[in-house]
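Hello,

Here is the structure we talked about. Please open it alongside this email and follow along.

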Amino acid sequence: MGKLRPRRLGIVAGAAAALAIAIASLAGTVRVSASSDAAAEQAKAKHYKGTRPFVVDKETGALRLPTQPEVDEVVANLSALGQRPAETLQQTTQSNGALTIDLDGGFAGVMLARPNDDGTWETRCVFTLEEGAEFLGLVDDSIR
Amino acid sequence: MTTHHLYRPLRIVASVLAVLLVSTLASAGPAQFIIVNVNAPGVGFNDPTPATPVGGNTGTTLGEQRLIAFEYAASIWSARLDSAVPIRIRAQFTPLGAGVLGSAGPVAVAANFPNAPLPNTIYHIALANKLAGVDLLPGSDDINANFSTNFTFYLGLDGNHGALNDLVTVLLHEFAHGLGFSQFASLTTGALFAGLPDLYNSMLFDNTLNKFWPQMTNAERVASATRFGRVVLDSPRVTEHAPSVLVLGSPTVQVDTPASIAGPFQFGTAAFGPAIGNPTVSANVVAAEDAVDPGGTSTDGCSAFTNAAAIAGKIALVERGLCGFAQKARNATAAGAQAVIIYNNAANVNAAPPGMADDGINGAFVTIPAVSIRRADGQSILGVGSPSMTLGIDRTLRAGADALNRVRVYAPFPVVAGSSISHYDTAASRNLLMEPAINGDLTHRVKAPDDLTFELLQNEGWTFPDADHDGVADDEDCNPNSDRRATIVIGGADTGVPNTLFAGGCTSSDLIAQIATGAANHGGFVSGVAQLSNQWVADGLVTGKQKGAIQSAAAKAGS
């Protein structure tokens, strides 16, 4: 399996959307709102950089700052899994009156970890990019 | 028999049973959790790397051990939750980013479905399915779980994780978010998700505004999300069980009067002076005044207080800035204050109360407790003049709950990791599964007296598997399929004696049946029933006449 990247999520979401539409069509009336990757767009508007060493280097075993690609990957993960406006998600009204909304992989609790000096790990469960950035020491470099 | 201490007459549990009647009528048995492995061959759950069985996990490859740990965590929730609709967890292990252990959340949410207890309210899809009694999104999974192949978890099932992170505990936590332990309102704008409250935030109550979250404006919700210590879950089940889980005695910095600002403040502690609570200080607060030093103010406490007479015996309030924390605290000590509170200055208006370091010089002269607080809280103190405050251990409060035993959610200022209002407060003690961090002393138990996660889910509408509808969960029931007939029947003979339901989930008939099972012969059975029924008379549970009917029926049974 590849990494959890927005493109893959988009593919999955697309497939899920098609499936949900098919199911809802069978069930009754359908209302579908335009889907967009608002979370990814929001993340793109910022440029994070790492300020805290939380990566254990695979070769040396030492703690180091995250590289920019590593920062970007964490930001992409947190963005894909975080909150987003309901308007950007697929909503379906079934014939029995039930409203269902596909969360498109978002609104998940994300468990993060950073190493302590004693070899243990400190963990934190976050729901937003801002929370995760705070914990991992990622700062918005676009704010100058 | 020596189990009579556990007995409780049926009439006592009747009220409990009545409360549970509606839910138990719909009891469908332990929820079936299906782990939908979406990993490709050779990776994730299918990783063939050899692994040594560990801590009860019998898998012999890394992939097997991961899957067994997932199934084990699911089985723990399965034992606690009842649903006629299987709960599908779409799961994979995949290379997530550095520092990301994994995630889980609901795949979808639903509102206004058949049997929805609350109209126009968002429910997690697994709970909506359970309440509707049908799969509202057939063919769709209910919880999405992604965990990292880049991280070394403890994969044992016994909790002996040492310095590693226990995967089972992490899964129990994240699955709970997927089952109902999370809210959906935007923490940025305060807007309700899809314009509707959700079940979780319908229970969020702000003690300052005296409002539930759905009653608030967007701006009020945003402010409430960082109102430390003031936001609680108004969940009767959690409140009922909080005393059995949370210890009495809560470290606190709180306003006692006036009522307009009463309640706890978020605070930072000092690396100098006595610890908060040593001793506990209750006194009025007086703002310190001092000479204006170059670059300073008359409120920064950087030189000797000019109103020392008013400060003596009181709690000094000082503004952050210009000089070190220890110097301010030393000046407060010299003025005779019982304690000192340092509030953030304008330059730190959006900062959390800091931890206060010693400067290596002044700390040694500080003999009073010192704490830091937010600027907004400092200004609220100034706004009411001289409030009465307590710094220390409030032994009337349970750690992590308010005065009504409503458990607090984590709402620090400013937004920090885990502060998304969907966790219990870190002030809770003992540590709880649904705090934002996975603490090393957590067990795999999810209900009182070890934890309060299940109780919250129960208030949302989750019920426990209870095959015999006796109000005792099957996995804790001394007989999950009790003989619930109204009277004791022995060998087909109706004694006419009421069949009592005891607290552990067994009835009088169950206990007699146990004797029958364990007796070597008829004589042993009769003797055992005689001993038991004699004890019931001694306990006042049956009359002598009723005892006679029981013993007579036992003697005739099978003879």
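The model is predicted. Keep that in mind throughout.

**Chain B overall**

Chain B has 559 residues, and 52% of them count as buried. It holds 13 helices and 21 strands. Its C-alpha trace spans about 100 × 65 × 50 Å along the principal axes. Take the contacts in chain B between residues at least 6 apart in sequence. Of these, 67% join residues at least 24 apart.

**Where the chains touch**

On chain B, 57 residues are in contact with 49 residues of chain A. Several elements of chain B give two or more residues to this side: β2 (87–94), β3 (100–106), β4 (108–111), β6 (143–148) and α4 (167–179). β3(B) gives the most, with seven residues. By class, this side of chain B has 32 nonpolar, 24 polar and one charged residues.

Which strands make up the open sheet of six? The order is β7(A)-β6(A)-β3(B)-β6(B)-β2(B)-β1(B), and the pairing is mixed. β7 (121–126) of chain A and β1 (33–37) of chain B stand at the edges. Each has a single partner strand, so one side of each is left without a neighbour in the sheet. From one strand to the next, the twist averages 20 degrees.

Look at the point where the sheet passes from chain A to chain B. Strand β6 (residues 109–115) of chain A pairs with β3(B) in the antiparallel sense, over four bridges. Within this pair, Val110(A) stands opposite Ser103(B).

**Follow β4(B)**

Leu99(A) has Ala111(B) as its bridge partner. Thr100(A) has Ala110(B).

β4(B) has a partner within chain B as well. Two bridges join it to strand β5 (residues 123–124) of chain B, and the two run antiparallel. There, Ala110(B) is the bridge partner of Tyr123(B).

Now check the side chains. In a regular strand they alternate between the two faces of the sheet. In β4(B), Ala108(B) and Ala110(B) point one way, while Val109(B) and Ala111(B) point the other way. Are these residues buried or exposed? All are buried.

**The nonpolar cores**

Ala110(B) turns up again here. The largest nonpolar core has 137 residues, and Leu112(A) and Ala110(B) touch the most other members. The largest share of this core, eight residues, comes from α4(B). The core also draws at least three residues from each of domain 2 (29–180) and domain 3 (200–247 + 399–457) of chain B.

What does Ala110(B) contact, leaving aside its neighbours within four places in sequence? From chain A, the residues are Ala98(A), Leu99(A) and Thr100(A). From chain B, they are Tyr123(B), Ile125(B), Ala128(B) and Leu136(B).

Another core lies apart from the largest one. It has 38 residues, among them Phe325(B), Ala326(B), Val366(B) and Ile368(B).

**A helix in chain A**

Last, find helix α4 (residues 129–136) of chain A. Seven of its eight residues are buried, so the helix is largely enclosed by the rest of the structure. The buried ones are Leu129(A), Glu130(A), Glu131(A), Gly132(A), Ala133(A), Phe135(A) and Leu136(A). Gly137(A) follows the helix, and its phi is positive, near 75 degrees.

Best wishes

How values were computed
Residues are numbered from 1 along each chain as its sequence is written. Chains are lettered from A and ligands numbered from 1 in the order in which they are written. This is a predicted model: local features need pLDDT of at least 70, side-chain atom pairs count only at pLDDT 80 or more; totals for chains, interfaces and linings use all residues. Two residues are in contact if their C-beta atoms, placed from the backbone, lie within 7 Å. Ala, Val, Leu, Ile, Met, Phe, Trp, Tyr, Cys and Pro count as nonpolar, Asp, Glu, Lys and Arg as charged, and the others, Gly among them, as polar. Two strands pair if DSSP finds at least two bridges between them. A residue is buried if 20 or more other C-beta atoms lie within 10 Å of its own, exposed if 12 or fewer, and partly exposed in between; C-beta atoms are placed from the backbone. A nonpolar core is a set of buried Ala, Val, Leu, Ile, Met, Phe, Trp, Tyr and Cys residues joined through C-beta atoms within 7 Å. Domain bounds come from an automatic or database domain assignment. Axes are lines fitted to C-alpha atoms, for helices over the stretch in contact, and angles run from 0 to 180 degrees between N-to-C directions.
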